Amino acid sequence: MHLMKVDPRALKENPDRARQTKATPQADALLLATIKAVGLVQPPVITPEAGGGNGYIINAGHRRVKQAIAAGLEEIDVLVADASNDNGAMRSMIENIAREPLNPVDQWRAIERLVALDWTEEAIAIALALNVRRIKQLRLLANVLPAMLDHMAKGDMPDERQLRTIAAASIDEQKEVWKKHKPSKGDPQVSWWSVAQGLQKKRMYARHASFGDDLAQAYGIEWVEDLFAPADEDSRYTTNVEAFLGAQQEWMANNLPKKGIIAESTNWGEVKLPPKAERVHGKPTKSDCTAMYLDRDGRVQSVHYRMPEPRKAKGKAGSDSDSTADEVGVVAKTRPDVTRKGVEMIGDFRTDALREALGRAPIEDDTLMALLILAFAGQNVSVTTGSGGVYYGHSRLAKHAAILFDGEGKLAFDMDTLRVAARSMLVDVFSCRENATNSGIVARIAGATVGADGFLPNMGTDDFLSCLARPALEASCKDTPVLPRQRVKDTRAALVEHFKEARFVHPAALFAPDATALAAWLSSNTSSEDGDEADEEADGATAEPSDEDGEAFREAAE
């Protein structure tokens, strides 16, 4: 076998060559690039043409010859071997089978050797027909623990994702993990998955960051490029999770929209909305609120929600409280002077006092009759209008009317019996309790008329005073030697102690109704001619007594 120079175009292909399948375009491109960069490193093997020809047949190196022609080489070095009986078939097969490609560790070492000889990454990439990114990936092996590299060089390689995780860790971290997972005599195979898991770190990617370079610099965030990620995406990341989330939080605070809040998220990355909030899945309106939060990847997300309408309180206080509602859905509540429980207690006190007054206080007959009329106007009285003008009172009230009848079913009573029946009727009808039995303002008018304020109990107890807000409680100290304390419970305790031997009635418990409320009630219940006519036509009731009828009634009463 000797070396000689020939024109590659003069060589003939061997019909008995082992490799009949075409190489991939990438492989051909790599070979062409290396030939252009450093020439033909390994000469093809040729033999003289048998059968009387004067040409040469290629035994090994068909691709090299083809790419040398493509590279425009006029001459190439070839090794001329003696012709064999099998036309070079065995030599061609050995040439293709015996070759073993370099593993990534040897490739990296070779690249580092070239770099040491002043080859640039770009020049190496051109010579090997690879992109610069692949060269950088291989050079990441420089960050791998030498003991791991030695084991990888034996052919036990981690996959690309595991190698990326290992190379991103520090040498000290790799040493610690390698102690636990290095191969042993009993188990020579390394679990690269366990090694990678031991070195796994949470990565926060730049493509998920809403903040800019200014906040990144302020929080000391340094981006690292993930060379194993697809080339067409921003693969920069940081393992400084705390700094990344801090920068995201500050960005949200600086860009919080009107009616917006920064919400927390669950372990599953779902947003935690305020209690009773209803998430808006469609197009939000101007009145809806916005909640910004961070998902599991640290990305800023936002959802819209709306709060239920606040319950409107009755009266003027209700309109005032509406105007103070928080714009993001939290309703500001102002505690009334007397709580609901306090109002209910007042209702009970009033009712008991009114009943006692009706039973014991002197009442003139004319007043008594007026009270009876008021009693039937109470809102707790159930009266059903029949088609024939018949009225049915509550069955409970019938017993008071029954005592006015004698044994033969005729009305027969004296004045004392009538007074007892009237008072009993009023006792059953009037109520100030805060429930369905409440007679409304008429019961308070009745109580004020018969002096029921004097029958109210001492309200200077801890049970009732605990129902008062601080301003109302401190107002109760007026006209007493008790001074308001810093703590509400101390003020309350002092008042309870003071009223042990005295009597306290809260102004809100007095029977006299508010003048405005009374005027409104009178105005709403004053009969009008048009309204009465309409009502009479609607229910078929008889007309009110005329002036002449009223005069007749008065004469009959006398």
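Colleague: Let's start with α18 and α22: is the crossing left-handed or right-handed?

Modeller: α18 passes α22 in a left-handed crossing. That label applies when the near helix is turned anticlockwise from the far one by less than a right angle, and right-handed is used if clockwise. Before we go on, please keep in mind that this is a predicted model, in which local features need pLDDT of at least 70, side-chain atom pairs count only at pLDDT 80 or more, and totals for chains, interfaces and linings use all residues. Residues are numbered from 1 along each chain as its sequence is written, and side-chain values use heavy atoms, with hydrogens and water left out.

Colleague: Which residues make the contact between α18 and α22?

Modeller: Ile-441, Val-442 and Ile-445 of α18 touch Ala-517, Leu-518 and Trp-521 of α22, where contact means heavy atoms within 4.5 Å. By class, this contact has six nonpolar, no polar and no charged residues. Nonpolar here covers Ala, Val, Leu, Ile, Met, Phe, Trp, Tyr, Cys and Pro, charged covers Asp, Glu, Lys and Arg, and the others, Gly among them, are polar.

Colleague: And what makes α8 and α10 oblique?

Modeller: Helix α8 (residues 160–168) packs with α10 at an angle of about 40°, with axes 9 Å apart. That angle falls among "the rest", so α8 and α10 are oblique to each other. Their crossing is left-handed. Arg-161, Gln-162, Thr-165 and Ile-166 in α8 meet Trp-192, Trp-193, Val-195, Ala-196 and Leu-199 in α10. That contact has six nonpolar, two polar and one charged residues.

Colleague: Which hand does the crossing of α9 and α10 have?

Modeller: The crossing of α9 and α10 is right-handed. Helix α9 (residues 171–181) and helix α10 (residues 192–199) pack at about 145°, with their axes 10 Å apart. Five nonpolar, four polar and one charged residues form the contact of α9 with α10.

Colleague: Now the aromatics. How many aromatic pairs does a search of the whole structure find?

Modeller: The search finds six aromatic pairs. Rings of Phe, Tyr and Trp (its six-membered ring) pair if their centres lie within 6.5 Å; planes under 30 degrees apart count as stacked, over 60 as edge-to-face and the rest as tilted.

Colleague: What makes Phe-211 and Phe-244 an edge-to-face pair?

Modeller: The ring centres of Phe-211 and Phe-244 are 5.5 Å apart and the planes stand at 70°, so the pair is edge-to-face. Phe-211 sits in the loop between β5 (204–205) and α11 (213–218), and Phe-244 in helix α12 (residues 241–254), 33 residues apart. Trp-223 and Phe-244 have centres 6.4 Å apart and planes at 80°, so this pair is edge-to-face too. Ring pairs link Phe-211, Trp-223 and Phe-244 into a cluster.

Colleague: Why is Asp-479 called exposed?

Modeller: Asp-479 has 75% relative accessibility, so it counts as exposed. Its place is in the loop between α20 (470–475) and α21 (488–498), and its phi is near 65°, a positive value in a residue other than glycine.

Colleague: And what makes Lys-259 partly exposed?

Modeller: Its relative accessible area is 22%, so Lys-259 is partly exposed. Lys-259 lies in the loop between α12 and β8 (260–262) and has a positive phi of about 65° although it is not a glycine. For the element names, helices (H or I, at least four residues) and strands (E, at least two) are DSSP runs, numbered from the N terminus.

Conventions:
Axes fitted to C-alpha atoms, helices over the stretch in contact; angles between N-to-C directions. Parallel < 35°, antiparallel > 145°, perpendicular 65-115°, else oblique. Buried < 20%, exposed > 50% of the residue type's maximum accessible area, 1.4 Å probe, protein only.
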